[in-house]
Amino acid sequence: MEPTRRLEPAKRRRSNTRARLLAGALEVFAERGFHGASVEDICERAGFTRGAFYSNFGSKDELVLALFQATTDRLLEQIEALLPDLASQPGTLLDAVLSLLDETAPDQRQWHLISAEFTLHALRDPDAAEALNKQRTMFRESLTRLVEQITETSGTTLTVPAEQFVRMVIAVHEGARSQSLLEPGEVPAGSLEHTFLPMVLEAVSRPSR
């Protein structure tokens, strides 16, 4: 048997182990918090030993960043697949961005808890902040590219940098998500974004000459 073929099952096992650890961590972090969850808790939920954890991740920080990376990777894949259609439908700009923000985290409550807590952790830890900023930059750049493609194809010009517009959309989306999770009856999911962001878009866009 060729060496590369012998390595394939090992790679698949490692990939499966990593995926199960990430899924287990997602659940444990949402239940107990980033600081309240131990490596042992994560391993128990995923069905592995500490050795399996540390052969894949150097720390809980590294694991959380891997979760962010997986989210970014899904976003990039979705944009590559959807961009040709979205770029030819300018009226979908906001819907496209907000839909992608939602689809990257199917369980909004679970993801919001982890994202918010790790952001607080990063505010206190310079190394975590640097790593998180790199992940958020990748995420933001992919959305910015989508906005630029759609505006260019639709003959629309933003009067502010596309990257700043994306930052504002993300900020509104994250703040609105917090309110809708706390008061779902008063603030249905997506209601604030879809009510106010079109007004913002209209205020910062004009037809290209």
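Start with the crossing of H8 and H9, which is right-handed (a crossing is right-handed if the near helix is turned clockwise from the far one by less than a right angle, and left-handed if anticlockwise). Select residues 162–182 for helix H8 and residues 191–203 for helix H9; their axes come within 10 Å and cross at roughly 160 degrees. Axes here are lines fitted to C-alpha atoms, for helices over the stretch in contact, and angles run from 0 to 180 degrees between N-to-C directions. H8 and H9 are therefore roughly antiparallel to each other. For the angle words, under 35 degrees is roughly parallel, over 145 roughly antiparallel, 65 to 115 roughly perpendicular, and the rest oblique.

Before you click on, note that this is a predicted model: local features need pLDDT of at least 70, side-chain atom pairs count only at pLDDT 80 or more, and totals for chains, interfaces and linings use all residues. Residues are numbered from 1 along each chain as its sequence is written, and side-chain values use heavy atoms, with hydrogens and water left out.

Now show the side chains between H8 and H9. From H8, pick Phe 165, Met 168, Val 169, Val 172, His 173, Ala 176 and Gln 179; they meet Leu 192, Glu 193, Leu 197, Val 200 and Leu 201 in H9. Contact means heavy atoms within 4.5 Å. Colour this contact by class and you get nine nonpolar, two polar and one charged residues. In this scheme Ala, Val, Leu, Ile, Met, Phe, Trp, Tyr, Cys and Pro count as nonpolar, Asp, Glu, Lys and Arg as charged, and the others, Gly among them, as polar.

**Next stop: H7 against H8**

The crossing of H7 and H8 is right-handed. On the H7 side, select Arg 136, Phe 139, Arg 140, Leu 143, Thr 144, Val 147 and Glu 148; on the H8 side, Ala 162, Glu 163, Phe 165, Val 166, Arg 167, Ile 170 and Glu 174 meet them. This contact of H7 with H8 splits into seven nonpolar, one polar and six charged residues.

Stay on H7 and pick Leu 146, which lies in that helix. Leu 146 is buried, at a relative accessible area of 0% (buried means under 20% relative accessible area, exposed over 50%, partly exposed in between, with a 1.4 Å probe and protein chains only).

**Then H6 against H7**

Select residues 108–124 (helix H6) alongside residues 126–154 (helix H7). Their axes come within 5 Å and cross at roughly 125 degrees. That makes H6 oblique to H7. The crossing of H6 and H7 is left-handed. In H6, Phe 118, Thr 119, His 121, Ala 122 and Arg 124 meet Pro 126, Ala 128, Ala 129 and Leu 132 in H7. By class, this contact of H6 with H7 has six nonpolar, two polar and one charged residues.

Also in H6 is Gln 110. Is Gln 110 buried or exposed? Gln 110 counts as buried, at 16% relative accessibility. Leaving out residues up to four places away in sequence, Gln 110 touches Leu 26, Glu 27 and Ala 30.

**Two single residues**

Go to Arg 45 in helix H2 (residues 39–46). At 33% relative accessibility, Arg 45 counts as partly exposed. Show its partners beyond four places in sequence: Arg 45 touches Gly 24, Glu 27, Val 28, Glu 31 and Arg 32. Arg 45 and Arg 20 are 25 residues apart in sequence and 8.9 Å apart in space, C-alpha to C-alpha.

Finish the picking with Ala 66 in helix H4 (residues 60–87). Ala 66 is buried, with a relative accessible area of 10%.

**Zoom out**

Helices (H or I, at least four residues) and strands (E, at least two) are DSSP runs, numbered from the N terminus. Buried residues make up 39% of the 209 residues.
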